[in-house]
Amino acid sequence: MNKLQEWPEPIVRVQSLSDSGTPLIPERYVKPPLERPSINSTASMDVSIPVIDLVGLYGDDHALRAAILDQIAIACREWGFFQVINHGVSPQLMDRAREAWRQFFHSPMEVKQAYANTPKTYEGYGSRLGVEKGAILDWSDYYFLHYLPSTLKDCNKWPTIPADCREVLDEYGKQLVKLCGRLMKVLSINLGLGEERLQNAFGGENIGACLRVNFYPKCPQPDLALGLSSHSDPGGITLLLPDNHVPGLQVLSNATYKSVEHRVIVNSSEERVSLAFFYNPKSDVPIEPLKELVAPDRPPLYPAMTFDEYRLFIRMRGPSGKSQVESLKSPR
């Protein structure tokens with residue numbers, strides 16, 4: 001799979017399809033009936049997901065800190081998904097990051113094409129996941145880039161439009177890595193471990209981090225398509241910066257901490273931009289349960305594999321709910 005150099009078919013930019021004014025989406029984007037957005041999609045997004053205020057996490061109020069830890073523990077076990085506020089990332093920086101990427105996706109096509117990606121590295125401007133020929137595709141374009149480790153961070157592969165894009169991305173990455181480090185300590189404590197245990201298992205300071213920016217153009221038939229098919233993220237922590245005007249994320253369902261299944265819907269009147277930041281283990285670290293969390297009555301659910309092996313396994317198949325990770329389960 002590492003030798004795959006090109007996509008199996010010519011790439012079509014979804015934004016170009018949307019801008020063409022076509023009233024019908026191509027068959028390649030029509031999902032099977034059971035995978036299409038439900039009629040009640042909008043209502044389902046009104047469910048009250050956990051919202052957790054981190055402002056007292058490292059203050060002197062021990063009772064408040066304990067309450068925050070408990071809220072996060074419950075959210076991880078029951079949801080696998082929660083919203084944080086007062087998290088320390090600059091609101092102005094988040095706005096700048098969203099706007100920078102919106103400007104990039106509205107740049108001339110020849111500018112964007114200079115950053116076109118391939119299945120070999122996945123880094124750059126893309127319009128499909130997975131390499132299955134004839135696969136049903138999602139109604140979205142994206143941009144993927146590496147932030148950590150420094151050996152993979154190549155700023156020359158980052159856009160130069162708008163002019164401050166690289167500067168904004170670098171600062172945004174710094175602040176999100178710091179936030180992920182704080183959350184890793186919380187997760188570790190809530191598992192009954194030392195606060196550095198999870199971080200050390202990830203590789204200490206030598207971890208991975210990458211960014212996927214999603215662009216969901218207007219879709220003339222949003223009831224037939226998905227912006228991003230059902231999936232669960234393969235990495236450690238995902239920090240999602242959603243569009244601040246247009247909703248679209250659907251959490252579909254609820255090991256000790258859940259890896260939540262989710263998908264993205266599209267609409268006919270407005271485009272969306274979202275930024276997903278992935279905080280991951282070091283690429284050659286074996287992914288397996290910590291020994292403190294394994295017992296005779298709680299054996300490992302999955303065989304060990306490196307994060308690079310697992311990520312490639314997921315990436316080559318494209319989003320498909322939980323079926324990929326379930327296929328890896330050890331026989332019981």
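Buried means under 20% relative accessible area, exposed over 50% and partly exposed in between (1.4 Å probe, protein chains only). The model is predicted, with local features needing pLDDT of at least 70 and side-chain atom pairs counting only at pLDDT 80 or more, while totals for chains, interfaces and linings use all residues. Residues are numbered from 1 along each chain as its sequence is written, and side-chain values use heavy atoms, leaving out hydrogens and water.

**View 1. The open five-stranded sheet, in the order E3-E4-E5-E10-E7 with antiparallel pairing.** Strands are DSSP runs (E, at least two residues), numbered from the N terminus, and two strands pair if DSSP finds at least two bridges between them. Strand E3 (124-126) and strand E7 (237-241) form the edges, each pairing on one side only.

View 2. Nine bridges join E10 to E5, with leucine 275 as the bridge partner of valine 213. Five bridges join E10 to E7, where leucine 240 stands opposite alanine 276.

**View 3. Aspartate 141 in strand E4.** Aspartate 141 stands opposite phenylalanine 215 in E5. Aspartate 141 is buried yet has no salt bridge (a side-chain nitrogen of Lys or Arg within 4 Å of a carboxyl oxygen of Asp or Glu); the nearest side chain of opposite charge, arginine 13, is 5.3 Å away. A polar atom of the aspartate 141 side chain lies 3.0 Å from the backbone nitrogen of valine 14.

Key
Helix = DSSP H or I, 4+ residues; strand = E, 2+ residues; numbered from the N terminus. Lys, Arg positive; Asp, Glu negative; His and termini not counted. Polar contact = N/O pair within 3.5 Å; in protein donor to acceptor, adjacent residues only side chain to side chain.
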